[in-house]
Each structure stands twice: as structure tokens, then as C-alpha cells.
Amino acid sequence: MAKALVLGGATGLLGQALSRILAERGWSVETLGRQQGDLLNDAFLAERLDAARPDVVFNTVAWTQVDDAEDHVEEARLVNRCLPASLACLLKTRESVLLMHYSTDFIFGGQHTQPLKENDKPHPQSVYGSTKLEGEEAVRAALPDRSCVLRTAWLFGHGRKNFVETILNACRRRDEINVVHDQVGSPSFADDVALYSIRLAEAWLEKGSESGVPGIWHVANSGEASWCELACEAVHLTSSPCRVIPIASAAWPQKAKRPEYSVLCTDKLAAFLGKQPRPWPQALRAYLFARKAMESGDK
Ligand SMILES: NC(=O)c1ccc[n+]([C@@H]2O[C@H](COP(=O)([O-])OP(=O)(O)OC[C@H]3O[C@@H](n4cnc5c(N)ncnc54)[C@H](OP(=O)(O)O)[C@@H]3O)[C@@H](O)[C@H]2O)c1
């Protein structure tokens with residue numbers, strides 16, 4: 001039985017999806033988070049790696065509060081760069097373990113109009129984006145043959161606050177909401193991102209260095225949307241009477257600058273999967289259907 005160690009696996013949005021789907025696919029899963037100890041302490045991290053003896057380490061831990069990062073540069077760098085750098089260095093001497101490290105579309109910026117490929121030039125515009133890029137570079141430099149950098153984007157899913165959840169909660173309280181229309185990205189279901197990542201890890205376990213798995217991957221649902229389009233679709237699918245009003249980013253000032261266009265090209269992933277990943281509207285429907293079923297189960 002393959003063994004996974006999932007950093008952030010008990011509490012994170014993506015981490016929880018990974019832990020659940022790995023277990024459903026027959027993996028033995030151990031999670032590691034700050035509840036167990038200080039992940040920024042290398043000795044603690046080394047001890048946990050030796051105790052868990054994983055085949056694959058999934059690192060979902062990150063400073064994900066994009067605006068707060070602007071005021072907490074060093075703290076964000078510790079989590080987004082130093083932790084993955086330490087993990088990659090510690091795994092150098094732990095032979096055959098694969099590191100799956102997650103990154104973000106926010107490493108991109110500038111004036112793109114076409115979906116961004118894995119080898120397009122990064123141009124982060126925020127502390128979050130810069131520190132995540134530093135994390136990617138540290139992982140790839142320390143463990144080039146046994147690491148994947150999985151860039152994902154605009155996650156929604158079960159178990160933790162996310163954009164779709166925030167919109168639907170706001171719709172319960174208000175008749176209309178304002179949502180930005182001039183930022184376009186790749187809305188993605190955490191369950192799908194988890195499943196595609198696990199399939200990459202399973203290909204590595206089966207074929208090792210012949211698998212072509214180490215490297216950078218864009219792991220997202222296919223298609224593109226603005227935040228406003230994503231909100232409209234969620235509102236429509238839940239039959240909410242709330243009106244969604246499109247507004248410009250300039251009318252919704254935020255501390256950190258976001259890319260205007262950061263759609264991730266999924267062609268490399270599609271070649272691996274044999275088809276394009278599920279389109280985001282279908283993934284959103286699956287999420288909202290499962291969410292409704294969970295809510296009715298709770299009553
Ligand atoms: N969410 C998105 O829309 C999005 C978009 C693009 C890329 N990503 C990337 O995808 C990955 C997963 O994101 P996510 O949305 O699942 O993140 P998340 O839900 O915010 O979870 C982050 C995890 O990191 C842990 N963490 C944060 N600071 C820590 C620290 N100092 N020590 C130990 N643990 C710490 C959190 O633990 P606690 O629960 O204890 O706080 C949590 O388990 C990240 O690499 C992120 O950059 C996410």
C-alpha cells in the first residue's frame with residue numbers, strides 16, 4: 001500500500017480533499033500540521049519524515065491570506081519559501097520519496113491574454129505571489145528529479161472558507177452583491193485538483209523516473225471565468241434570488257495587487273490524463289450538489 005504524508009491534510013481546503021481522496025483510493029494517509037508541532041523547525045520535520053516513511057509527501061501548507069501577506073512579508077516567506085525549501089533538502093537523503101508541492105496562478109502577472117503555460121515567464125505582483133515563486137524555485141533547485149510543482153488556482157471545495165462559500169453566505173443575507181468582473185482565472189474544485197495530483201503521484205510510483213512526472217504542472221479545471229461569472233454561476237445553480245452586480249477592481253480596492261488574467265493552460269495535464277480536465281462549471285455543479293447533500297444530511 002502506498003503511503004502519503006499530507007502537510008496541511010487535516011485542516012486545509014486542498015489538504016482535506018487530498019487526504020480523503022487518497023484514502024478512498026487505498027493509500028495509507030498521515031497528515032501533519034501545526035497541531036503536531038512547529039513545521040518551520042527542521043529537526044521536527046526530519047523526525048516526522050523518518051517516523052512516517054512516506055512514498056509521497058504532499059505539501060499544501062502555505063500562507064494563503066493574500067492581502068495580509070503584504071503586511072507580514074517575513075512570516076509569509078517562512079511558510080511559502082523556507083518550509084518547502086527545507087522539505088526538499090530533507091528529502092534529498094530520503095531516497096525515492098516524491099515531493100508534490102503546490103503553488104499558484106498568482107506567480108503570474110502582466111498583460112497576458114492567452115492561457116499561461118508551465119514555462120511562461122513568472123511575474124508576481126504581490127508578496128504572496130513572490131514568496132510562492134521563491135518556494136517553487138527552492139523545491140526545483142534542491143530536488144529536481146523527485147519533485148513536482150503543481151500550480152493551481154481559485155479553489156472552491158469542502159471543509160474551509162472559500163470564494164464560492166463566501167458568495168453564497170452573502171446571498172443569504174443580501175438582495176444584491178458586487179463582484180469584480182475584470183480579473184479572469186481558472187476556477188477549480190479542490191477535489192478535482194486532488195484527484196489529478198494523486199494520478200500524477202500514482203504514475204510516479206508505477207514508473208518512477210520513466211513517468212515524466214517530476215517538473216511543473218498546471219493543475220486546474222478547464223475553462224476560464226471572472227470572479228463575477230463564477231459568482232453568477234454559483235448563485236444561479238443554487239436558485240438564489242440575489243442579484244450579482246459586476247464592478248471594476250478599481251471600485252473594490254485590495255491591499256495586494258492581483259493579476260488581471262491568470263488562466264492556467266491545462267494542455268500538459270490533458271496530455272497526461274488523456275483528456276482535458278473537467279470544465280469548471282461541471283465541477284462547480286458537482287461541488288454544490290455534494291454540499292447540498294451534506295447540508296440535508298446534517299439536518
Ligand atoms: N485557495 C486557493 O484559491 C488557491 C489558489 C491557488 C493556489 N493555492 C495553493 O494551494 C495550496 C493549498 O491552498 P489551500 O487553499 O488549501 O490553503 P488553506 O486552506 O489556506 O490551508 C493552508 C494550510 O496551511 C497551514 N498553515 C498555514 N500557515 C502555517 C504554519 N505557519 N505552520 C503550519 N501550517 C500552516 C494551515 O493550517 P491551519 O489550518 O492550522 O491554519 C492549513 O492547513 C497552497 O500552496 C496555495 O498557495 C490555493
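**Figure 1. Polar contacts between the protein and the ligand.** In this predicted model, a polar side-chain atom of Thr 11 lies 2.7 Å from an oxygen atom of the ligand, a polar contact being a pair of N or O atoms within 3.5 Å. A backbone N or O atom of Leu 13 is placed 2.8 Å from an oxygen atom of the ligand, and a polar backbone atom of Ala 62 lies 3.3 Å from a ligand oxygen atom. On its own the ligand has 900 Å² of accessible area, of which the protein covers 86%; accessible areas come from the Shrake-Rupley method with a 1.4 Å probe. The model is a predicted one, in which local features need pLDDT of at least 70 and side-chain atom pairs count only at pLDDT 80 or more, whereas totals for chains, interfaces and linings use all residues. Residues are numbered from 1 along each chain as its sequence is written, and side-chain values use heavy atoms, with hydrogens and water left out.

**Figure 2. The shell of residues around the ligand.** The ligand is surrounded by 23 residues, the closest being Thr 11, Thr 64, Tyr 128, Lys 132 and Arg 160, where a residue is taken as near if one of its heavy atoms lies within 4 Å. At least two residues of this shell come from each of α1 (13-24), β4 (98-104) and α5 (127-142), and β4 gives the most, with three residues; helices (H or I, at least four residues) and strands (E, at least two) are DSSP runs, numbered from the N terminus. By class, the shell holds eleven nonpolar, nine polar and three charged residues, with Ala, Val, Leu, Ile, Met, Phe, Trp, Tyr, Cys and Pro counted as nonpolar, Asp, Glu, Lys and Arg as charged, and the others, Gly among them, as polar.

**Figure 3. The second largest pocket and its lining.** The second largest pocket holds about 380 Å³ of space. A pocket is an open set of points, on a 1 Å grid over the protein atoms alone, where a 1.4 Å probe fits and protein lies on both sides within 12 Å along at least five of seven lines, and lining residues have an atom within 4 Å of a point. Of the 17 lining residues, Leu 168, Leu 237, Thr 238, Ser 239 and Arg 291 are the closest to the centre of the pocket. Two or more residues of the lining come from each of α6 (163-173) and α10 (280-298), and α10 gives the most, with six residues. The lining divides into seven nonpolar, three polar and seven charged residues.

**Figure 4. Two residues with positive phi.** Most residues other than glycine have a negative phi. Ser 96, which is not a glycine, has a positive phi of about 70° and is placed in the loop between α4 (73-92) and β4. Ser 239 has a positive phi near 55° and is found in the loop between α8 (227-237) and β12 (243-247). Ser 96 counts as exposed at 53% relative accessibility, and Ser 239 counts as exposed at 63%, where exposed means over 50% relative accessible area, buried under 20% and partly exposed in between (1.4 Å probe, protein chains only).

Figure 5. Thr 60, in the loop between β3 (56-59) and α3 (66-69), is buried, with a relative accessible area of 17%. Arg 243, in strand β12, is exposed, with a relative accessible area of 51%. Between Arg 243 and Cys 171, which are 72 residues apart in sequence, the C-alpha to C-alpha distance is 8.3 Å.

Technical notes: Grid points are joined across faces, edges and corners, and a volume is the space filled by probe spheres set on the points. A polar contact is a pair of N or O atoms within 3.5 Å; within protein, one must be able to donate a hydrogen and the other to accept it, and residues adjacent in sequence count only if both atoms are side-chain atoms.
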